[in-house]
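These are my notebook entries on one structure. I set down what I looked up, entry by entry.

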Number of protein chains: 2
Amino acid sequence: MTGDAEPGAVDESPGGAADGGPDDSWAEVVPEAARRLLLAAVEAFAERGFHATTTRDIASRAGMSPAALYIHYRTKEELLHQISRIGHERSVRVLTEADDSATGAPERLAAAVRAFVRWHAERHTTARVVQYELGALAGDHYTEIVALRRRSEEILRGILADGVATGEFTVEDIRGTAVAVLSLCVDVARWFRTGGPRTPEEIGDLYAGLVLRMVGSPAAPGGGPGVAGRG
Amino acid sequence: MTGDAEPGAVDESPGGAADGGPDDSWAEVVPEAARRLLLAAVEAFAERGFHATTTRDIASRAGMSPAALYIHYRTKEELLHQISRIGHERSVRVLTEADDSATGAPERLAAAVRAFVRWHAERHTTARVVQYELGALAGDHYTEIVALRRRSEEILRGILADGVATGEFTVEDIRGTAVAVLSLCVDVARWFRTGGPRTPEEIGDLYAGLVLRMVGSPAAPGGGPGVAGRG
DNA sequence: GTCTATAGAGCGATAGAC
DNA sequence: GTCTATCGCTCTATAGAC
């Protein structure tokens, strides 16, 4: 697929993010000019929002003329669609891989939350666009992305249901709690600032602990229900 | 102040929201035409975002000509500023009054979260604009609103600190936990839909319970640390 | 594949009649 | 205080040279 990809295409072959390397390079977007434009769009959309960003601003950030954008993308919205699609695929993969990396519901939940939060803090520029500019997508693109988002909810609901089944979690409303946990993690992208008092790792650890407590897990730091306070 | 208020002014006299009546009528905004425009702007901004909303759309929703908007507001941004200011004052008041209505850190925390979440669900249209269109405010207006927002954080930090001092809460990072709790509550405005499976009251109750658990309170439903699981 | 130039549409805001 | 009409500008997207 490398070499003959059409402009703005995605190259999933080794060497890109697919091999587990740093995923903020957008290396899978080829050719290089399309990647530069996409990176410029991510920054502009995150800073000012989709509607307040002009195609001139994007092109200028990428060091190109206003017209150059239309060689690689049909419309401004297509640029947002690419960012949104790739970003959602990445965030769902982060969640899935963290879930698969651990055994036991509390360990899986902690790993998932830690990784998901870290991603939203470290990649907060991308995440802000991915999570908060959804509404600017065209109808069919919006539908496609919403389907991707549903995966995150299913993964989390699965972990909660498993923990309840084994008695490790005490959760009355699994669906509602899953929404709350996801909402908590996702919103990190809104308030996180690089150079703030906490690193993405620290926030990930803090949040993993908070969420274990939310689900009534005895594995929570400081001891969960029925564990701490004894003796 | 009633009667001779300049266009787009705010009337805090009895009969408006200040007396505890329903606060979505924006009754304190006078004259009536200014209120209709403001309500139309809230709906339009919530639906499409500030930058995607045209002044023609706002005026048309209010049943007026495009020019009528400028009799009551100097610019489109001033409309957002009014919404943002009044909305923030209301949400901070909801939080303050809930805090004052209860005694004891767990009770205060539960009341604050329940009321704050209920407000963000019930008034999700206003809340969406208030919480997610901040970035479109002009520089000095932005600074003013950020100062209002700080109050919410101080209130919450105060409750957490009190609970830690009395030993009712187990919280290592008060600042970080306060940010997390506020983030959780505020984000309700993003995902809440009228007609969904849960009422604002139900979400408020669910969230109050989740937050009590987050802070390690024994008053949490299902029993907190050192309470549930015994016997 | 990138440029300069510009078409064509829609925007925020204003002028002036009533 | 509200209207109709419109100014002046900026935007997305395209045309055509190189």
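**Entry 1: a pair across two chains**

I looked up A:Asp173 and found a relative accessibility of 23%, so A:Asp173 counts as partly exposed; the term covers values between buried (under 20% relative accessible area) and exposed (over 50%), with a 1.4 Å probe and protein chains only. I note that this is a predicted model, in which local features need pLDDT of at least 70 and side-chain atom pairs count only at pLDDT 80 or more, while totals for chains, interfaces and linings use all residues. Residues are numbered from 1 along each chain as its sequence is written, chains are lettered from A and ligands numbered from 1 in the order in which they are written, and side-chain values use heavy atoms, with hydrogens and water left out.

Which residue forms a salt bridge with A:Asp173? I found B:Arg198, with the closest N and O atoms 2.8 Å apart. A salt bridge here is a side-chain nitrogen of Lys or Arg within 4 Å of a carboxyl oxygen of Asp or Glu. The pair joins two chains because B:Arg198 lies in the loop between α9 (188-191) and α10 (200-214) of chain B, and A:Asp173 in the loop between α7 (139-165) and α8 (174-186) of chain A. The helices are DSSP runs (H or I, at least four residues), numbered from the N terminus. B:Arg198 is also partly exposed, at 21% relative accessibility.

**Entry 2: pairs within a helix**

I then looked up A:Glu89 and A:Arg85, whose side chains meet in a salt bridge (3.5 Å, N to O). They are four residues apart in helix α4 (residues 76-100) of chain A, so about one helical turn separates them. A:Glu89 is partly exposed at 33% relative accessibility, whereas A:Arg85 is buried at 16%.

B:Glu153 is partly exposed at 27%; B:Arg157 is buried at 19%.

I also recorded a network of salt bridges with shared partners, which joins A:Glu47, A:Arg48, A:Asp57 and A:Arg61. Over all chains, I have a count of 32 salt bridges.

**Entry 3: the nonpolar core**

Which residues touch the most other members of the largest nonpolar core? Among them are A:Leu109 and B:Leu109, in a core of 70 residues. Such a core is a set of buried Ala, Val, Leu, Ile, Met, Phe, Trp, Tyr and Cys residues joined through side-chain atoms within 4.5 Å. Leaving aside neighbours within four places in sequence, I found A:Leu109 in contact (heavy atoms within 4.5 Å) with residues including A:Leu156, A:Phe169 and A:Val215.
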